[in-house]
Amino acid sequence: QVQLVESGGGLVQAGDSLRLSCAASGRTFSNYAMAWFRQAPGKEREFVAAISWSGGGGDTYYVDSVKGRFRISRDNAKNTVSLQMNSLKPEDTAVYCCAGRPFESAQSMSVKRPDYWGQGTQVTVSS
């Protein structure tokens, strides 16, 4: 089992920045590709960003709507994955969840269902 706990959500204004963190425990974190998903009210869950497992070169992959604004990173020593979100827009408002799946590339995380999920953290961007 892998336990994932997100933090860092909140209420911000359009154009502001926010940094989400996800702390992992339970298995060898470096073996897991990690991703962020989000779900806005009344909408389906959406892939946001991913980073490959450590043996995969650390490649990253983003949904087009956040490219150039969001950056995913991982710290294997601290068992954390982060999402730096800049130039936030009201349409970024959602519950953000981190998720993991072992031995995957970043791009594959956009199409394969992760094995483990966190509970999520709310991000609200006001206009």
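Predicted model: local features only at pLDDT ≥ 70, side-chain atom pairs only at ≥ 80, totals over all residues.
A nonpolar core, as I use the term here, is a set of buried Ala, Val, Leu, Ile, Met, Phe, Trp, Tyr and Cys residues joined through side-chain atoms within 4.5 Å.

The largest nonpolar core has 29 residues. Those with the most contacts inside this core are Trp 36, Leu 83, Met 85 and Tyr 96. Which strands supply at least two residues each? They are S3 (18-25), S4 (32-39), S5 (46-51), S7 (70-75), S8 (80-85), S9 (94-102) and S11 (121-126). S3 gives the largest share of this core, four residues. There is also a second, separate core of eight residues, and among its members are Ala 35, Phe 37, Ala 99 and Met 109. As background, nonpolar side chains tend to be buried together in soluble globular proteins.

If we set aside residues up to four places away in sequence, Leu 83 touches Leu 18, Arg 19, Leu 20, Trp 36, Val 48, Ala 49, Phe 70, Arg 71, Ile 72 and Tyr 96.

Is Ser 82 buried or exposed? Its relative accessibility is 8%, so Ser 82 counts as buried, the cut-off being under 20%. Beyond its neighbours within four places in sequence, Ser 82 is in contact with Arg 19, Leu 20, Ser 21, Trp 36, Arg 71, Ile 72 and Ser 73.

Now the chain as a whole. The protein chain has 11 strands and zero helices, so read from the N terminus the elements run β-β-β-β-β-β-β-β-β-β-β. The radius of gyration is 13 Å, close to the 14 Å that the globule rule gives for 127 residues, so the chain is as compact as a globular protein of that length. Along the principal axes, the C-alpha atoms fill a box of roughly 40 × 25 × 25 Å. Of the 127 residues, 41% count as buried. Looking at contacts between residues at least 6 apart in sequence, 58% join residues at least 24 apart.

The chain carries 14 positive and 11 negative charges, whose mean positions are 3 Å apart.

Asp 92 is found in the loop between S8 and S9. Asp 92 is buried, with a relative accessible area of 1%. Which residues is Asp 92 in contact with, leaving aside its neighbours within four places in sequence? They are Arg 38, Arg 69, Phe 70, Ser 87, Val 123 and Val 125. Arg 38 is 54 residues from Asp 92 along the chain, and their C-alpha atoms are separated by 8.6 Å.

Ser 87, one of those contacts, lies in the loop between S8 and S9. Ser 87 has a positive phi of about 50° although it is not a glycine. At 40% relative accessibility, this serine counts as partly exposed.

Asn 79, in the loop between S7 and S8, also has a positive phi, near 55°, and is a residue other than glycine. Asn 79 counts as partly exposed, with 25% relative accessibility.

Conventions:
Residues numbered from 1 in each chain as written. Heavy atoms only, no water. Buried < 20%, exposed > 50% of the residue type's maximum accessible area, 1.4 Å probe, protein only. Contact = heavy atoms within 4.5 Å. Rg over C-alpha atoms; globule rule 2.2 N^0.38 Å. Lys, Arg positive; Asp, Glu negative; His and termini not counted. Charge placed at Lys NZ, Arg CZ, Asp CG, Glu CD.
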